[in-house]
Structure formats: structure tokens, C-alpha cells
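Please keep the sequence and the model in view while reading.

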Amino acid sequence: MLEAQGITVSFGKTTVLRDVSLRVRPGELVALCGPNGAGKSTLLAAMAGDFQPERGQVFIEGAIITGLPPAELARRRAVLEQSPSLSAGFSVGELLALSIPRDVPPEQADALIARKLHSVGLADRIGDNCQILSGGQRHRAHLARVLVQLAASDTPDTGYLMLDEPTSSLDIAHQITTMRIARRAAREGAGVLVVLHDLNLAAAFADRVALMHDGRMVADGPGAKIFTADRLSAIYETEIAVEREDGQAPRILPVYGPDAHAGPEL
Amino acid sequence: MAVTTTLPRRVAGVFGRRPLFGALGALVVLVAFAEVALGPVRLGPVDLFSVLIGNGEPGPTAILLQIRLPRMVLGLAVGMGLALSGCALQGVLRNPLADPGLIGVTAGAAVGAVTVIVLGNFFIGELPAFVRPYALPLGAFVGSILVTGFVFTFASRSGGTNVAMLILAGVAVNAIAGALIGAMVYISDDQQLRDLTFWSMGSIASGNWMSVAVTSVVAVASGLFLLRMGRTLDLFQLGERAAFHAGVDIERQKRRIALLTALSVGAVTAAAGPIGFIGLVAPHMARLIVGPAHRHVLPAAALIGGALILGADLGVRLAVPPSEPPIGLATSMIGGPFFLWLLMRRMNRGGGNA
């Protein structure tokens, strides 16, 4: 289990996280939602072991996460940053190969790379320079790199996959593909934590949604239960409607108000 | 690990890498041979061979063992040390213009070395006896590690990949170093002044096995460590945070690279003076030939660096015999325009960080 226990984090005088707790169990997909500045990315970073919280502690399989050496940590969790970058002119295949540990035989490595590239829909781009890919394609290539890291560790079943807004630069179809990939990783045994702005994706794909506001955890449970019009409208400070149909994920709809228009004006 | 089938169009994609490294190795051997054979007195293969088996005539023996061989060894060590340092700095700072000369590391080493040359009389007597012969490289190392430490701190504050800030910081460091060296020149006596002037133009003609040995051992030792850091440097290309997520102990690896490059540049500068642009040119040529992966770029850059230094030395020696203009003039004359071309290419692309 990956667990944040009552962590508090400040940058300078600003307190970004106040006494926040969150658990991610193996085989579970948890979506982390909330308005801009709620502290989602900071919580994800703390749970990735990027820094020691001021108060509280993050545990991975019972061990204090900041106490583990980086190489050991990399075998237990893989992280996709919000804006992944690459300064060298690597090809897509070379980018993914960065995640392959030294001791993996080349044929096995090539097969793994091909498989993960296929899963993000970039199988035919393996030889292309990353710099000629579009923004969304590049993001998916980095997703594949992170998936390779998770799969190449010697204990793939107990790994954790942490994705910070993986869908923000993707078209609708690829948003769904990406969430399916996250789902599949969970089904195969990984604990998956995904920061999402799209509440509908969260409601549709996550086992649990953790809702943050102003550095605090305000709700944690199945999307169908915690997404209520009142709660969302209060947190986001804009009117939000929630439609429910039996047997389906709730649909979250913003109410645009008088300034929006349905047809041509002017 | 190797995904050889997936390379984009580069020289390596057309020919494969093994023949390329073979060609680079052959080039180095060829230039090294020319370096010992050519000069005011031409030595043929027969002369060289008989000297090497201890059977040569006194003239060629003296020329080879006292002048050309130390020069060749030092040239290879200097080229390799500067190229690997440049390569490692460019990799860890994610900045293709990070050359030890441009960002001030060489100037820091120069200040340390000049201080030892000019003020050495006052404090060398205080040093333990076994340290005294190494005072010059030690001084250079202290200077280079100070600047490297500053550059790393500075680069991590300004976000690492900011090309302009790093080069501007280098301008400032070089200006400060220039002033300090100027002050040393001002207080030096005539003999020191002459030493300093020639030293500061850069030359591998020391002809002194002692300094050649110290520099070569240090440069080769730190070079061997740097050569093993290919994977780490590759991961640094993802940015420091992502490199950490992928398992790199960022602070430790940065300290290691800072120490190794400072050692290399310090040793090289102490023996050969400040030689610019090799750390910039060699890695770029290497990337064009073998692609961006550091486990290939590092060895290729080391070979190219050695060949460039010896080639430049041959060039200046054969241009106006029997006088021997300092090699630093030649590397700057080639490297300066190359640097400008790089700058203009980046401006045309419209990006600061591509």
C-alpha cells in the first residue's frame, strides 16, 4: 500500500497541504481531483517521494518513502510528470529504453518497448525523433516510458503508477485510451494514482475519487457517491450539475449561465 | 538496452556504430603517428621503430622521447579530458553550450594555476614535501572546483536549461578570472611574465614527462569514471525531477560529475594552459556521428577530442616551421566560429532550449 499519513507541506509561508491523508492499494485506481491550487500535484509529488513533508509521513509498503534510495524507489513506483520534457534528440524507442535497467536482455527490452508503445498507439513511431511528434503524441510517448519502468521492475505486481494530469494535452479519444491504460495497469495489480481535471473521466474510470480543496482532503470515495452538485458547485465556485442514470457513472455538467449562447449571436 | 533498429537518420543509422568507432580510433592512431613523425626533423617508421626497441640513434631518440612523445601523450590526455568534461557538463546541465571554457571552469583553473606560478614562492615552502611537485595542478583543481560548484548552484537556481543565463554567468566568471589573472601578471617579474604569457595561450609543448604523467593519470582516471556515466547522463535529459523518478540519485551524481570534470579540467589546464572550445566542438561532432545516447557520445567525443588537439598542434607546427604558435590559438580560431554557427542555428530554430 502507498499511504500518505496526515502530511502538511508549506512552500515559504504558504501552506499547500494541511494534514492530508490518502491511501492507494494495489489493484486500485484512485483519481485525485480538485480546483487549481488545491494541492493535487504537491500531494502526488510527496507520495512519489520527491520531498519530506513538514509533518506526517508517506509510506510505501510500510517503509518511509524518503528513506529509500532513489534506485530502489524507481523499482516500486513510476511517475509521469505534468509536463514531461526531453533535452536530447532521442528517438521514441530510445526514450523508452531509458526506463530499461542495465540487466534486462536486449530482446526482452525490445519486446517490452514495442508492447508499451503499441498500447499508447505509437507503435509505428518507434524510430521517429521525439522532437517531430505533436504535443499529445510526445505526452503519450512519455506515458509509455513510465509504463516500461513499471513493467521492467522485478516486482511488477506491487508497483505504483502515478500520473499527473496525463490527459490534459490529449484529444477525447486519447483521453479515454489513456484512462483505459491506467485501468489495465490497476487490473494487472498496480496501485494507480491519477491527477485529473476532467471529473467525468474520474467518475467513469476511478475506483475512488479523492477530492481536494484548498490544501485539504474534502471527500474520498466512489465517484458516484461523492460527486454531488452541491459539493462540486461549492468547491469549484461555479454552478455544476450532476446527472445520474442507473448503472452508469454520474455525468458532471457545468452550467454556463447567461453569458453562454447556444446559437450564433451578433 | 540497445534499440539499434530504431535510430533516426544519422551517420550511425547508415553504417552502424562499430565501424564508426573503428574509423575514429584509426583516425586517432593516424594523427598520433603524424604527431611523432612530422616536424622540423622528419622521423620515418624505421627511426620510430628502432627508437622504441631501444636501438635508435641519439638524435631521433632525444627528439622522440624528450619532445614528441610527451607532446603526443599530453595532447591525447588534454583532448580526451576536455571533450569528456564538456560532454558531461552539457549532459548534466541539459545545456548544449556548456563548454568548460565558455562557462568559466577553465578560467577558474587558470586563476589557480597562475596564482601558484606567481605567488608560489611565498607558500610552496609551507606545503608538505610530497605535495610540492603537484602544487600547480592542485592550484588549478581548486580554481576549477570553485567555479564548477558555482555554476552548478547557479544553473539549478535558474532552472538548468536556460542557455543564455549560463553563458552570461560564464561571461561574468571569465571577466572576474581575467581581472585576477591581470592582477597576478601585474605583480609578476619578467621571467614569470614570459612563462605566463605563453602558458595562457595554451600549448602541449611542455616536453616535461613529470607534468605529462600527472595530467595524463588524472585525466584518464576521471575520464574512465565519466565514460561509465552514460546512462545517468541520458536520464538527466528528462529533467532532474524525472531523472530522480527514474532512479537517479540527483545530488550525488551532480557532485560526482562536478568533481570529475573539475579534476580533468584542472589537470589539463595546469599542464597545457587554457585551451578553449574542444569541450564544445568534440561532443557536438560526436553526437552528429553516433547519435545522442551518452554511452556512445562519451567515447566518441574522447576520441574526437584527442584527434582535434593533435590535429590542431600539427597544424600550428607545420604552418610556420620551425616556430610553434600555441595550440590554444588554433582551437579558438576553429572553435569560435563553430560556437557562433551553433548560436545562429539555435536562433533560427527560434528556441532557446531545443
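The model is a predicted one. In chain B, the secondary structure consists of 15 helices and 0 strands. The C-alpha trace of this chain spans about 60 × 50 × 40 Å along its principal axes. A compact globule of 354 residues would have a radius of gyration near 20 Å, and chain B, at 20 Å, therefore agrees with that expectation. Of the 354 residues in chain B, 52% are buried. When contacts in chain B between residues at least 6 apart in sequence are considered, 81% of them join residues at least 24 apart.

Two helices of chain B illustrate how its elements meet. Two packed helices are described by the angle between their axes and the distance between the axes. For helix H4 (residues 58-92) of chain B and helix H13 (residues 278-290) of chain B, the axes come within 7 Å and cross at roughly 75°. Because angles of 65 to 115 degrees count as roughly perpendicular, H4(B) is roughly perpendicular to H13(B). On the side of H4(B), the contact involves residues including B:Gly79, B:Leu82 and B:Ala83, while H13(B) contributes, among others, B:Ile278, B:Gly279 and B:Leu280. The residues of this contact comprise 7 nonpolar, 5 polar and no charged.

The contact between the chains remains. Here, 33 residues of chain A are in contact with 24 residues of chain B. On the side of chain A that touches chain B, helix H2 (70-76), strand E6 (77-80), helix H3 (92-97) and helix H4 (106-119) of chain A each supply at least two residues. H4(A) gives the most, with 4 residues. The residues on this side of chain A divide into 18 nonpolar, 9 polar and 6 charged.

Definitions and conventions
Residues numbered from 1 in each chain as written. Chains lettered and ligands numbered in written order. Predicted model: local features only at pLDDT ≥ 70, side-chain atom pairs only at ≥ 80, totals over all residues. Contact = placed C-beta atoms within 7 Å. Nonpolar A, V, L, I, M, F, W, Y, C, P; charged D, E, K, R; others polar. Rg over C-alpha atoms; globule rule 2.2 N^0.38 Å. Buried ≥ 20, exposed ≤ 12 C-beta atoms within 10 Å, placed from the backbone. Axes fitted to C-alpha atoms, helices over the stretch in contact; angles between N-to-C directions. Parallel < 35°, antiparallel > 145°, perpendicular 65-115°, else oblique.
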